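Visitor: I would like to go through a protein model with you. Could you take me through it step by step?

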Amino acid sequence: MMREPRGVVLKGVHKRFGDVTAVANVDLEIRPGELMVLVGPSGCGKSTLLRLIAGLEERDAGEVWIGDRCVDEIAPGGRDVAMVFQSYALYPHMTVAENLGFGLRVRGARGPEAEGRVSEVAGVLGLAGLLSRRPGQLSGGQQQRVALGRAMVRDPGVFLFDEPLSNLDAALRLKTRDEIATLHRRLGTTMIFVTHDQVEALSLGQRVAVMDRGRLQQVGTPHEVYQKPANLFVAGFVGSPPINRLHLVRDREGRLAGGPFVFPEPFPHREATLGVRPEDLSVAVVAPDGSADRRGGPRPPPEFTATVLRVESLGSEQRVHLDGPGDAAWVARAAPALPVAAGDRVDVSVAWQRTHLFGPEGGRIGAAPRPGGATQP
């Protein structure tokens, strides 16, 4: 049913609300047929950017291109996009079939052609047996599928999703997220999906655009954004639990130092931040006699010893909260079988080749050098 997808290109798009800059000179290209996720904290400008693409907000500067045309002077109804909102916005007095076909009727489509489109979309979304029901007789997930289907019947060049899963419970969010990903693979259409949930962004997007305070911080695949964050904001926002941080200061010999670490290589700046993902820390419980429990295989030499503050058991893993280094607690991921509890002393080792070193302005420099040794590849 779907026709050729269209790409979306934003060129220096800027939007202010009074004294507040909501979107700051954004340049972004969404490829035809791509599922792009815009992610960031509340108020970062991601929904405003989506509304600028849809034409629901008027830009202050820049250009919005959909396909091969600039749509800045085109009303929302002529932009060849369909938007799915956080609220389902279904008509309660209409049946599912009537809700699905409403947009077609508004545009003058009647008869067998419109009925065929509704039937086709209902089949794709698993709604064929619900066409005679009203929204009040549907679950939240079914209502969300009706909202999605109402957009699909229009056969748009671009789908826009504004936090469509926020009203669903955790299990239903996961199920509906999988349905959207499956639908995208099946249709191959262009989708732009807005969310504040970084797990949702990484699991759904072919590429992810991370925003903060109206500005794009990084655009890349989920792997790129997680493994090589462009800056300290991206490193801290993307990842659960968040990345561990340690402030480092240059000493008299030009070395970076902080907590138990002294990095031997000269550093041009006065300070930096070390970032270590929880999965890149290994912990071994220290017995009363001073020996360490090495269950789970060989481990690298420990970098420091810490006290366990608390342990979160999540079934497939444990999250071990530690008392340092630095002012904030650190978190390490551990195997579910490791016998560790609050109050234990643990040896902690670091996978230095997977660490992150950020300069004083927050930009990523690369992996941190091993303390007392050469820089890791």
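Guide: Let us begin with a term: a residue is called buried under 20% relative accessible area, exposed over 50%, and partly exposed in between. Glu-179, with a relative accessible area of 27%, is therefore partly exposed. Please keep in mind that this is a predicted model.

Visitor: Which residue does Glu-179 form a salt bridge with?

Guide: Its partner is Lys-175, and the closest N and O atoms are 2.7 Å apart. Lys-175 counts as partly exposed because its relative accessibility is 46%.

Visitor: Where in the chain are Glu-179 and Lys-175?

Guide: Both lie in helix 5 (residues 170-187), four residues apart, so about one helical turn separates them.

Visitor: How many salt bridges are there in total?

Guide: The count comes to 18 salt bridges. As background, side chains of opposite charge can pair when their charged atoms come close.

Visitor: What about Arg-59, which residue does it pair with?

Guide: Arg-59 forms a salt bridge with Glu-73, where the closest N and O atoms are 3.8 Å apart. This pair links distant parts of the chain, 14 residues apart. Arg-59 is in the loop between helix 1 (46-54) and strand 4 (61-66), while Glu-73 is in the loop between strand 5 (69-70) and strand 6 (81-84).

Visitor: Is Glu-73 buried or exposed?

Guide: Glu-73 counts as exposed, because its relative accessibility is 70%. Arg-59, at 21%, counts as partly exposed.

Visitor: Which residue meets Arg-333 in a salt bridge?

Guide: That residue is Glu-279, at 2.7 Å from N to O. Arg-333 lies in strand 18 (residues 330-334) and Glu-279 in the loop between strand 14 (271-276) and strand 15 (281-285), so the pair ties together parts that are 54 residues apart in sequence. Both residues belong to a network of salt bridges that links Glu-279, Glu-317, Arg-319 and Arg-333.

Visitor: And Arg-277, where does that one lie?

Guide: Arg-277 lies in the loop between strand 14 and strand 15. Arg-277 is buried but has no salt bridge. The nearest side chain of opposite charge is that of Glu-279, 5.0 Å away, whereas a salt bridge requires the nitrogen and oxygen to be within 4 Å.

Visitor: What does the side chain of Arg-277 reach, then?

Guide: The side chain of Arg-277 reaches the backbone oxygen of Ala-235 at 3.2 Å. Among the other residues that Arg-277 touches are Tyr-226, Pro-229, Val-238 and His-356.

Visitor: New topic: which residues touch the most other members of the largest nonpolar core?

Guide: They are Phe-161 and Phe-193, in a core of 42 residues. Helix 4 (residues 140-152) gives the most to this core, with five residues. The contacts of Phe-161 include Leu-50, Val-84, Leu-148 and Phe-193. There is also a second, separate core of 28 residues, which includes Leu-248, Ala-306, Val-340 and Leu-357.

Visitor: What covers the buried residues of helix 2?

Guide: The cover includes helix 3 (111-124) and helix 4. The buried residues of helix 2 (residues 96-106) include Val-96, Asn-99, Leu-100 and Leu-104.

Visitor: Last one: what is the mean pLDDT of the chain?

Guide: The mean pLDDT is 89, and 94% of the residues reach 70 or more. Over residues 373-377, however, pLDDT stays under 50. Where pLDDT is low, the predicted coordinates should not be read in detail.

Methods: Residues are numbered from 1 along each chain as its sequence is written. This is a predicted model: local features need pLDDT of at least 70, side-chain atom pairs count only at pLDDT 80 or more; totals for chains, interfaces and linings use all residues. Side-chain values use heavy atoms; hydrogens and water are left out. A nonpolar core is a set of buried Ala, Val, Leu, Ile, Met, Phe, Trp, Tyr and Cys residues joined through side-chain atoms within 4.5 Å. Buried means under 20% relative accessible area, exposed over 50%, partly exposed in between (1.4 Å probe, protein chains only). Helices (H or I, at least four residues) and strands (E, at least two) are DSSP runs, numbered from the N terminus. Contact means heavy atoms within 4.5 Å. pLDDT is the predictor's confidence in each residue, from 0 to 100. Lys and Arg count as positive and Asp and Glu as negative; His and the chain ends are not counted. A polar contact is a pair of N or O atoms within 3.5 Å; within protein, one must be able to donate a hydrogen and the other to accept it, and residues adjacent in sequence count only if both atoms are side-chain atoms. Lists of a residue's contacts leave out its neighbours within four places in sequence.
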